[in-house]
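Subject: A structure for you to look through

Hi,

Here is the structure I promised to pass on. Have it open while you read, and I'll walk you through what turned up.

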Amino acid sequence: MTVRKFLMCLLMAMTMLIVGCGGTDQPKNERAEKGEIVISVGKYMVGEGFDPTAGWGSWGPDPFHSALMMHDEKNQLVKDLATDVQRSADGLKYTFTIRSDAKFSDGQPLTAEDVAFTYETAKKAAGTVDLTVMEEVRVLSPTQVEFTLSKPWSVFLETAAALGIVPKHAYKEGYATAPMGSGPWKVVSFQKEQQLIMEPNEYYYGKKPKLKKVTVLNLGDDAILAAAQSGQVDLVFTPTEYAGASVPHMKLVLMDTIDSFCVNMPQEAEHDENGMLVGNNVTSDPAIRTALNIGIDRKTIIENALAGFGKPSMNLAEALPWANNALQEKDNRVDEAVKILEDAGWKDTDGDGIREKNGMKAEFVINGRSNDLQRYNTAVALAQDAKKLGINIIAKSTPWSEARKIARNIPTVWAIGDYTPQAIYNYYHSSQVGVNVVNNPAIYRNPAVDVHIDRALAATSDEEAMREFKAAQWDGTVGAKSDVPYLWIVTVQVPYFVNERLDLGQLRVGERGQGMGVLANLDDWQWK
């Protein structure tokens with residue numbers, strides 16, 4: 001047992017001892033009487049700030065800004081600021097009519113000028129919102145804006161759901177720390193990496209939040225249980241190691257997500273145009289990838305890495321309509337996996353438990369993210385389970401800034417959970433190899449898959465796009481099913497300790513967001 005695990009167990013034992021000595025009556029809660037709560041939902045909610053044009057809102061809910069489109073409680077794409085959307089027959093023009101009653105939190109009206117400004121600013125920033133196909137955005141009237149694309153892009157409405165609108169009149173340097181959006185909540189006070197205070201936006205056009213004030217704290221892992229035990233917080237995102245603890249007057253709540261953990265399996269090793277080594281001579285062997293895909297026991301890995309908080313997965317975004325769930329099949333087929341390896345020439349000739357082929361060991365490193373214990377634990381549990389196949393995986397805890405740079409050479413644990421099927425393009429299309437350190441880290445190239453993705457993106461009907469995106473995930477004989485460019489392991493569930501008197505309503509199947517995904521339905525939260 002590691003020192004870290006020992007300290008965690010000790011802390012949990014002390015917590016349960018305190019619980020056993022305490023009473024069972026819920027103490028008076030002044031926050032409840034005022035309609036206020038204090039929560040901790042991971043570091044990103046109190047991170048760098050809240051500028052959508054710089055990427056805020058891409059990996060979790062944005063309570064402060066409205067977008068042209070949005071996802072409803074069933075993750076269906078619906079209109080938000082937009083009241084009408086028209087797409088030209090050739091798929092090159094999108095015309096949005098926006099609502100006339102939308103206002104920013106300073107009371108100023110939101111107009112088509114703000115929409116155009118936001119999109120132009122985001123394109124110049126070249127951040128996480130991909131606007132490379134946006135050729136022009138033109139204001140037709142105060143309530144109508146037209147986008148011209150350089151080519152048909154069937155996922156453009158998904159892009160319109162990912163970018164919150166900022167005010168042209170108030171956007172300036174430092175906006176991220178004092179945003180002024182048109183969403184249901186407004187920022188009252190923000191101390192970077194420490195605390196955020198938010199209150200309802202009185203000018204919001206939609207359903208009004210039930211709570212009057214939300215204070216968000218940044219708590220380290222070692223402070224979470226103590227904060228819950230003392231009543232300092234009413235909801236707290238908890239590492240899975242702590243989720244088994246008993247905390248007075250709090251219950252454990254699980255949020256299902258669209259996020260899946262996977263490991264990229266880089267193809268043949270080569271040097272890129274900058275001389276950097278990319279690819280991996282072990283994971284590039286189809287026998288290694290296939291054997292791992294069918295031979296590992298995902299349930300065991302999830303138990304060991306995530307205390308069971310997750311569902312076995314062989315694909316991305318299984319809760320979304322464009323996922324091809326026909327990719328699911330039975331795993332832990334050890335005998336079949338071993339035969340695949342043996343037939344491909346991977347044999348343990350020296351009796352050390354690790355297979356070799358042509359003098360090369362079936363051995364490689366997997367990087368887990370050092371500031372995301374769940375991902376690192378997944379790498380460790382996968383390594384343990386793969387031993388039965390004669391494959392030696394070396395799990396390392398690596399800073400994300402470093403792991404991303406070398407991911408095309410060293411397999412890495414990724415958390416992927418995009419609403420948009422553009423994720424298939426980003427991770428599977430050969431044109432994305434080398435675009436940046438995130439896109440297609442498996443260096444995956446398959447002409448048949450490229451054709452399906454190209455057809456999907458060029459489609460002028462949603463039905464055609466969905467059909468082609470699903471075909472791209474599994475082309476039958478040569479598609480992603482048999483290639484296994486990514487070893488999908490688990491669709492994550494996120495645990496929270498929640499005050500037993502706090503009603504969260506119906507939680508969505510949302511983005512993990514490093515813990516802040518639970519805020520997707522914050523407007524519905526209320527004290528019982």
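Predicted model: local features only at pLDDT ≥ 70, side-chain atom pairs only at ≥ 80, totals over all residues.

You'll find Thr 283 in the loop between β14 (277-278) and α6. If you set aside the neighbours within four places in sequence, Thr 283 is in contact with Met 265, Pro 266, Arg 289, Phe 364 and Pro 411.

Helix α6 covers residues 286-295, and it packs with helix α8 (residues 334-343). A quick bit of background: two packed helices are described by the angle between their axes and the distance between the axes. Here the angle is about 175° and the axes are 8 Å apart. Angles over 145 degrees count as roughly antiparallel, so α6 is roughly antiparallel to α8. On the α6 side, the contact is made by Ala 287, Ile 288, Thr 290, Ala 291, Ile 294 and Gly 295. On the α8 side, look for Val 334, Glu 336, Ala 337, Ile 340 and Leu 341.

Now for a sheet. In which order do the strands of the open four-stranded sheet come? The order is β4-β5-β7-β6, and the pairing is antiparallel. In general, strands of a sheet pair through backbone hydrogen bonds, either parallel or antiparallel. The edge strands are β4 and β6 (134-141), each of which pairs on one side only. On average, neighbouring strands of this sheet are turned by 20° against each other, direction ignored. Helix α3 (residues 112-125) packs on the sheet and touches β5, β6 and β7. The direction of α3 makes about 165° with that of β6.

Let's go through part of that sheet strand by strand:

- β4 (residues 82-87) and β5 (residues 93-98) pair in the antiparallel sense, over five bridges.
- Val 85 stands opposite Phe 96 in β5.
- β4 and β5 form a hairpin with five residues between them, and Gly 91 in the turn has a positive phi of about 75°.
- β5 is also joined to β7 (residues 144-149) by five bridges, and these two strands run antiparallel.

What is the bridge partner of Thr 95 in β7? That partner is Glu 146. Thr 95 has a relative accessible area of 16%, and it counts as buried because the cut-off is under 20%. Not counting residues up to four places away in sequence, Thr 95 touches Asp 84, Val 85, Gln 86, Leu 140, Gln 144, Val 145 and Glu 146.

Next, the rings. How many aromatic pairs does the structure hold? There are 17 aromatic pairs. One of them is formed by Tyr 428 and Tyr 486, edge-to-face, with 5.3 Å centre to centre and 75° between the planes. This pair links distant parts of the chain: Tyr 428 is in helix α11 (residues 422-428), Tyr 486 is in strand β21 (residues 486-499), and they are 58 residues apart. Tyr 428 is buried at 5% relative accessibility, and Tyr 486 is buried at 3%. Ring pairs also link Tyr 94, Phe 96, Tyr 119, Phe 147 and Phe 156 into a cluster. One more ring to look at is that of Trp 400: the charged end of Arg 375 sits over it, 4.9 Å from its centre.

Tyr 486 comes up again when you look at Cys 262. Cys 262 is found in strand β12 (residues 250-264) and counts as buried at 0% relative accessibility. Leaving out residues up to four places away in sequence, Cys 262 touches Thr 412, Val 413, Trp 414, Ile 416, Tyr 486, Leu 487 and Trp 488.

Last stop: Lys 213, in strand β10 (residues 213-217). Lys 213 is partly exposed, with a relative accessible area of 25%. Among the residues Lys 213 touches are Gly 35, Ile 37 and Met 198.

Terms used. Residues numbered from 1 in each chain as written. Heavy atoms only, no water. Phe/Tyr/Trp six-rings, centres within 6.5 Å; stacked < 30°, edge-to-face > 60°. Buried < 20%, exposed > 50% of the residue type's maximum accessible area, 1.4 Å probe, protein only. Lys NZ or Arg CZ within 6 Å of the ring centre and 35° of its normal. Pairing = 2+ DSSP bridges. Axes fitted to C-alpha atoms, helices over the stretch in contact; angles between N-to-C directions. Parallel < 35°, antiparallel > 145°, perpendicular 65-115°, else oblique. Contact = heavy atoms within 4.5 Å.
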